[in-house]
Amino acid sequence: MKRFIIVLSLVSLVLLFAVSCKNDASGPRASLSIRIQDDTQRTIMPNAALMATQKYSISGSGPSGASFGPLIFGESSISINDIAVGTWNITAKALNAENNELASGSATLQIRKGSNEGTIVLDTVPGYGNLQLDIAWPTGISAKATFSIDVLLEDSSGHVVTKNTTARTSDGQCTIMASLSAGSHILNVKAKDSDGSVIAGATEAVRIVANTWSFGNVGLKASSTSTSSEQDLGGLALVMENRVGTPMGYYIDYYPKNPAKGQLMTLQSKASDLPSGVDSSKLTFQWYKDGVAQKDGMGMNYIIVTEQGSHRYDVVVKSNMEGTMCSASVLLTL
């Protein structure tokens with residue numbers, strides 16, 4: 001089990017849209033405050049420069065103890081002359097600017113006299129990196145004396161890699177640190193009352209690079225309702241085929257922009273950046289409400305019925321390429 005360290009941190013917050021709605025129905029009148037926090041991208045990841053391949057390293061072992069490398073070069077192809085005929089085991093690595101491994105792969109090639117060609121697929125994400133997650137919640141998020149903050153991390157296949165449950169009282173922030181295998185992960189954070197009911201939650205994608213820190217922050221908002229209008233909301237020619245990408249860019253659009261309580265609202269996931277190699281026909285989507293996966297939320301769009309209170313909606317998008325998983329979120333408060 002991964003080891004967690006709990007320390008103190010701070011909180012950051014939101015964007016407010018104040019609107020008025022006209023309703024022709026007779027009867028008492030009231031005001032409605034709508035707050036929508038629209039985060040274009042919520043993927044937790046290192047600095048983008050540390051996810052870019054700057055160079056490759058290649059080495060090989062062959063017949064009768066023959067070997068070469070490691071050879072360092074800047075292109076995804078290389079020609080090696082004067083190589084012994086026979087069976088070679090060749091390993092290639094993609095490196096970032098700090099020489100951390102982004103991807104690796106290997107191949108066994110049979111070298112014959114004359115010119116030979118080969119391809120090495122880099123589809124493994126090696127090593128371990130670190131995550132620092134700052135979690136914050138408003139004072140009074142729970143009416144109970146104690147509640148818990150549950151943190152669950154899964155790999156891109158949905159296998160649980162680590163989880164942590166911490167009893168809390170009135171303090172409103174904590175920091176969690178964990179060592180994780182390099183690659184893509186799904187982060188799920190929930191605040192739960194002592195009876196197990198979910199007060200608030202969030203779900204985000206996390207990208208980990210070997211020997212590198214990924215920093216993120218999650219601000220939880222209470223999902224309980226409120227009547228206040230001021231509620232907070234042989235040559236041998238080798239080609240390296242790098243199949244480990246960088247996180248996609250997605251954001252959530254929504255309409256109508258000024259919904260009323262009980263109105264249908266469409267949340268639409270839209271791409272702002274699809275890395276080279278991503279097959280858009282193979283994308284999968286999973287929507288979450290307050291950190292809880294929605295069984296009917298498996299498409300690009302998700303239709304909700306607006307409710308009073310504050311609710312966060314997240315979408316996690318996966319592609320056919322390792323390392324490209326991303327997430328986006330929107331916070332709706334009525």
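**Backbone features of a predicted model**

At 6% relative accessibility, Asp290 counts as buried, because buried means under 20% relative accessible area. Asp290 also has a positive phi of about 50°, although this residue is not a glycine. The model described here is predicted.

**Positive phi at residues other than glycine**

- Asp290 is located in the loop that runs between strand E19 (284-289) and strand E20 (292-293).
- Asn99 is not a glycine, yet its phi is positive, at about 65°.
- The loop between strand E6 (86-95) and strand E7 (101-111) contains Asn99.
- Asn99 has a relative accessible area of 46% and is therefore classed as partly exposed, since this class lies between the 20% limit for buried and the 50% limit for exposed.
- In summary, Asn99 is partly exposed, whereas Asp290 is buried.

- Pro70 belongs to strand E4, which covers residues 67-73.
- A cis peptide bond also joins Tyr255 to Pro256, with omega near 0°.
- Pro256 is situated in the loop between strand E17 (249-255) and strand E18 (264-273).

How values were computed: Residues numbered from 1 in each chain as written. Predicted model: local features only at pLDDT ≥ 70, side-chain atom pairs only at ≥ 80, totals over all residues. Heavy atoms only, no water. Helix = DSSP H or I, 4+ residues; strand = E, 2+ residues; numbered from the N terminus. Buried < 20%, exposed > 50% of the residue type's maximum accessible area, 1.4 Å probe, protein only.
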